[in-house]
Amino acid sequence: MSLTRRMHIVQGTDERKFMETALKIAFATTDMETVNQHFGSAKSFAIYAVDMDDAQLLEAAQFGELQQDGNEDKLSVKIELLNGCAAVYCQAVGGSAINQLIAKNIQPVKVHEGGKIKDLIVDLQNEMKAGPSNWLAKAINQHKSPDPERFNQMEDEGWDE
C-alpha cells in the first residue's frame, strides 16, 4: 500500500503565522466533505489547520486500494502521513491502530457515518472556546510552539486545571 497522491496548499506569511497557533486535524474522507472512511482502509485524508476562529485545508492525500484485512503494514504509511496531527476523525478504528496513533500523540475520534467535516470543525472550535476535553488540552500543549504568553493566557482561561 502506498501514498498515490498528495496535495499541499501553499502558505503565505499570514497562513504561516496562523499555523503557529493552530492544530493539525485529519479527516478520513473520500469526498472532502464528510467523514466516511474506516481508518485502516481509508482511501484518502483531508488535513486541516484549526484554531478557535479559523480553519484552513492544508493538504489532501490519497492511497491505493485497501482492504480491511488486518494487514498492519498499511497503518504505518497512514500514521506517518498524520505525523504532527493532533487528531484523526474516522468512522471506525481498530485496536492496533488506536495504540499506534496514541503512541504518536494522535487522538483517534470516531464519528457517525456522514458527519460533515465543516460541522466537526465547528464543534472542535466550540470545544476549544468552552474549555477543551483532556485529549484536546493535551494536544494544544503538545502541538503548539512554546510561546510563553500563550501559556499564560491559557492559564488565565483555566486550561491548567
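These are my notebook entries on a predicted model of one protein chain.

**Ground rules.** I number residues from 1 along each chain as its sequence is written. In this predicted model local features need pLDDT of at least 70 and side-chain atom pairs count only at pLDDT 80 or more, while totals for chains, interfaces and linings use all residues; side-chain values use heavy atoms, with hydrogens and water left out.

**Layout.** I looked up the secondary structure and found six helices and eight strands. Helices are DSSP runs of H or I with at least four residues, and strands are runs of E with at least two, numbered from the N terminus. Along the sequence the order reads β-α-β-β-β-β-α-β-α-β-β-α-α-α.

**Burial.** Of the 161 residues, 40% count as buried, meaning under 20% relative accessible area with a 1.4 Å probe, protein chains only.

**Cores.** I looked for nonpolar cores, which are sets of buried Ala, Val, Leu, Ile, Met, Phe, Trp, Tyr and Cys residues joined through side-chain atoms within 4.5 Å. The largest has 22 residues, and Phe39, Phe45, Leu82, Val88 and Leu101 touch the most other members. Elements that each supply at least two residues of this core include β4 (44-50) and α3 (95-103). A second, separate core of 20 residues includes Leu23, Val109, Ile117 and Ala139.

**Threonine 34.** I then turned to threonine 34, in strand β3 (residues 34-35). Is threonine 34 buried or exposed? Threonine 34 counts as buried because its relative accessible area is 10%. Its C-alpha atom is separated by 5.2 Å from that of glycine 114, 80 residues apart along the chain. Leaving aside neighbours within four places in sequence, its contacts (heavy atoms within 4.5 Å) include Ala28, Gly114 and Ile117.

Note on methods:
Buried means under 20% relative accessible area, exposed over 50%, partly exposed in between (1.4 Å probe, protein chains only).
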